Amino acid sequence: MNIMVNGESMAWQPGMKVRDILNIRNYTFKMLVIKVNGTLVKRAQWDSYRIPEHAEVSVIHLISGG
Amino acid sequence: MQAIKDQFFSRHNPRFIPILRHARIGIAGAGGLGSNVAVTLVRTGIGALVIADFDRVEASNLNRQQFFLSQLGEAKVDALKSNLEKIHPFTLLEMHQIRINEENVVPIFGQCDILIEAFDTAESKEMLIETWCSAFPKKPIIVGSGLAGVGNNNALKTRQSGTLYICGDETTQLQGRISPMAPRVGIVANMQANCALEILFKGIQ
């Protein structure tokens with residue numbers, strides 16, 4: 001079973017949370033926005049939000065400057 | 001003035017005009033991104049813009065933002081309104097001199113069809129995206145991320161995830177001697193404006 005993270009395939013595990021993806025992929029960037037199947041998952045839910053099988057996940061880096 | 005207005009719109013695809021004129025676009029921030037997005041969208045003849053910024057014009061802003069030397073010290077929203085009105089009077093401008101936070105995003109921008117994020121700090125970008133996407137899961141938000149430095153034109157791109165659009169290289173950080181400069185800031189601002197038009201005109205030929 002796999003999920004897609006920023007267009008790349010990644011192994012899915014039962015009970016997987018948003019935080020697990022960040023840890024496994026080593027996303028340490030301070031400001032991020034996460035979308036799972038097009039729905040925004042707020043920072044406060046990163047430890048609890050379960051990733052469904054076959055999910056399409058976008059991890060977006062927010063960078064200062066404007 | 002009606003003759004000027006007719007001429008102004010005479011080169012547009014006639015099918016675009018009613019959509020353009022009924023569109024109301026929010027711009028959160030009137031700095032490097034926001035002031036440039038506003039100028040471009042007014043040039044298109046967009047119906048209405050809602051623009052919010054708390055800041056005042058400083059000399060350091062003149063290197064990339066749509067302000068003039070004579071406007072130093074003025075509220076950015078007042079200076080920008082006056083500059084936009086010099087282009088033409090056919091866009092309704094609603095300006096708010098206020099710092100945007102979780103509480104006022106919906107009251108200020110709630111009537112907008114699309115929101116353009118034009119803040120400076122990553123923290124405020126995240127706040128705006130979380131607040132907007134929670135309040136309006138179906139309304140688009142167009143964010144600028146990664147626009148500092150010079151060169152590397154081809155790294156600038158637009159990525160879509162649901163209703164969230166990100167314009168920029170998503171990589172270049174402000175640090176050391178890498179600062180936001182007029183060309184890349186202007187390119188990303190115009191990518192955001194272009195993306196907004198693409199969303200508005202989707203399916204219309």
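Guide: The model is a predicted one. The strand is S2 of chain B, which spans residues 48–52. Four of its five residues are buried, so S2(B) is largely enclosed by the rest of the structure.

Two strands pair with it. One partner is strand S1 of chain B, residues 24–28, which runs parallel to S2(B) and is joined to it by five bridges. Within this pairing, B:Gly26 has B:Val50 of S2(B) as its bridge partner. The other partner is strand S3 of chain B, residues 92–96; the pairing of S2(B) and S3(B) is again parallel, over five bridges.

Helices come into the picture next. S1(B), helix H3 (residues 32–44) of chain B and S2(B) form a right-handed β-α-β unit. S2(B) also belongs to a right-handed β-α-β unit with helix H4 (residues 76–87) of chain B and S3(B).

H3(B) has a further neighbour, helix H7 of chain B, residues 182–200. The axes of H3(B) and H7(B) are 8 Å apart and meet at an angle of about 45°. The two helices are therefore oblique to each other, and their crossing is right-handed. Residues making the contact include B:Leu33, B:Val37 and B:Leu41 from H3(B), and B:Val185, B:Ala189 and B:Ala193 from H7(B).

How values were computed:
Residues numbered from 1 in each chain as written. Chains lettered and ligands numbered in written order. Predicted model: local features only at pLDDT ≥ 70, side-chain atom pairs only at ≥ 80, totals over all residues. Buried ≥ 20, exposed ≤ 12 C-beta atoms within 10 Å, placed from the backbone. Pairing = 2+ DSSP bridges. Right-handed = clockwise from strand over helix to strand, strands pointing away. Axes fitted to C-alpha atoms, helices over the stretch in contact; angles between N-to-C directions. Parallel < 35°, antiparallel > 145°, perpendicular 65-115°, else oblique. Left-handed = near helix turned anticlockwise from the far one by under 90°. Contact = placed C-beta atoms within 7 Å.
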